[in-house]
Each structure stands twice: as structure tokens, then as C-alpha cells.
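Here is a short briefing on one protein model. Look at the sequence and the fold, then read on.

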Amino acid sequence: MDYFLSILARKNTDLKKILPLEGKLRASAILRNDYAGFRTAVDMGETSLSVIPEIAKNWPLSPTLTSSFDLKKQYQMYLQGGASGISISVDPEVFHGSWDMVSTISRISAIPVLARDIFIHPVQVCQAIVSGADAINLMPAALTESELEPLYRMATGLGLDVMLEVHTLQELEAALDLDAEFICLNNTDLHTMQSDLSVTEKLIEEIPASVTVLACGGINSASDAQRMLEAGVNGVILQDSLAAQDIPQDFMADILSLRLAEE
């Protein structure tokens, strides 16, 4: 199964359902002015990592985790564990997510909320804003150059923090062409869902020091997180490896305690 192409094809179909709401959603989005700063919250500098747990009802490579899902309980555990921000997987098919999940958490959250999805149209950006997200991701892999820039400018212009999520050098170059201040290096192959931590280690060499950089995908242990810290990222998005923990706060504490070794 090609996860990316499957989701992307469905996004185009799903757009037809929400396009009639674009005017109403855009009007509401323009009125919002209560954003929490996601990028600044997750930037821990160069010597330690922030932890951003991702909440999903389903993990395609770890389906057994779905049976005990409790949205508010997960959020509270992650908050207690020291999360700097929360990421919510919105896609309804692969991750069983929804905009209701974003709304529920954004209403109670003491930390900024990232709505993570494949955004291909302004109406989705407006939906994220109205749902209470403080940040979204945009994926150059899902958009042409002529589509990416206006969507990025629109989202940032309305007040969202926009995380450019990249997997390859070509995608990174597209992000840097936008003078992006916030980038996520995703170690997971979009099409196979297999992860390789060397993706971050290679791509981060091309990123200016002024850019806030997160890493995600394949971070399954504190030693994996240490590799990301030594590569130079500011924080890590933790996914199914965190959801699988009986006491996720302990796993988070291990990562939050990591420091760069003295030279």
C-alpha cells in the first residue's frame, strides 16, 4: 500500500464536501486572534530537546494501540510528562483522526496545538484555524511550487505557525525557497512508512542555524533521540513509540534529560 498516494487521492475527493463551507470558514478564520506560539514553544535551543507527542487513534504500523485510546487521558499524560506542544493527526482513514479531536484538545490545552495533515487547499487551513490549531504542517511533496507558496503565505498571514515538513533534499530546497523559519525533517518514507534516522542527519546540514528544526519518524528510544540532538534538531515529534508506553511520562523524561556531550 502506498500510504501517501492513497491519502492524497482521498484529500482531493474530500475537498468537494467542505468547499461549500469555504466562505463561512474563511470569515471565522480571519476573526481569530488567540494563537499560542507553537514554534517558539518547541525551540529549546541547541543543547536539549523539546518533546512534542503526537496523538492519533490509529497507528498503521502498530494497530494494536487503538484499543485503549482515550483522547483527554493521553493529552493529560503528555502534559504531565513535559510536552512543549501537542501534535494531532487529523487524517480520518490512516490515523482515524478528526477536526473534533483538534477542537477538543485546543479548548483545554495549556500548550500549543499542531494540526498535522496533508493540506492542499485554503479551506483546510481555515478549518484548522477555526478548530483551534495554533500551527499546521505543509508538505512540499503534496504541492507544486505554485501551490505551496500561496498556501504558506495565506496560513502565516492569518497567524498560524507553519511547519514545512520535508523528506528529501528537493523538498527541503522548496521550503528554504520560502525563507521558512520552521522545518520538520521526517525520517519516514511517505510511501512505505519505513523510517531511516539518517534522513535528518543528512538534510539538517543544509538548514540555516536560525531555523527551528524538529525531527519525526523512527524515534523509538532515548538513543534515537540522542542521535537527533547530536544532529542539531531542536525537538522531536514522538509517535507510536510513545503511545506504546505504559508510562509515557518516563519515556519523555528520558528524552528531556538528554544533553549534548561536552567536546
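Which elements do the buried residues of α12 pack against? They pack against β1 (50–55), α4 (71–80), α10 (222–231), β8 (235–238) and α11 (240–243). Contact means heavy atoms within 4.5 Å. Helices (H or I, at least four residues) and strands (E, at least two) are DSSP runs, numbered from the N terminus.

The model is predicted: local features need pLDDT of at least 70, side-chain atom pairs count only at pLDDT 80 or more, and totals for chains, interfaces and linings use all residues. Residues are numbered from 1 along each chain as its sequence is written, and side-chain values use heavy atoms, with hydrogens and water left out.

**Helix α12**
- In α12 (residues 248–256), Pro-248, Gln-249, Phe-251, Met-252 and Ile-255 are buried (under 20% relative accessible area, 1.4 Å probe, protein chains only).
- These residues sit on the same side of α12, because they cover an arc of only 160° around the axis (taken from the directions from the helix axis to the C-beta atoms).

**Nonpolar cores**
- A nonpolar core is a set of buried Ala, Val, Leu, Ile, Met, Phe, Trp, Tyr and Cys residues joined through side-chain atoms within 4.5 Å.
- The largest has 81 residues. Among those that touch the most other members are Val-125, Ile-136 and Ile-255.

**Contacts of Ile-136**
- Leaving aside neighbours within four places in sequence, Ile-136 is in contact with residues including Leu-114, Phe-119, Val-125 and Leu-160.

Definitions and conventions: Buried means under 20% relative accessible area, exposed over 50%, partly exposed in between (1.4 Å probe, protein chains only).
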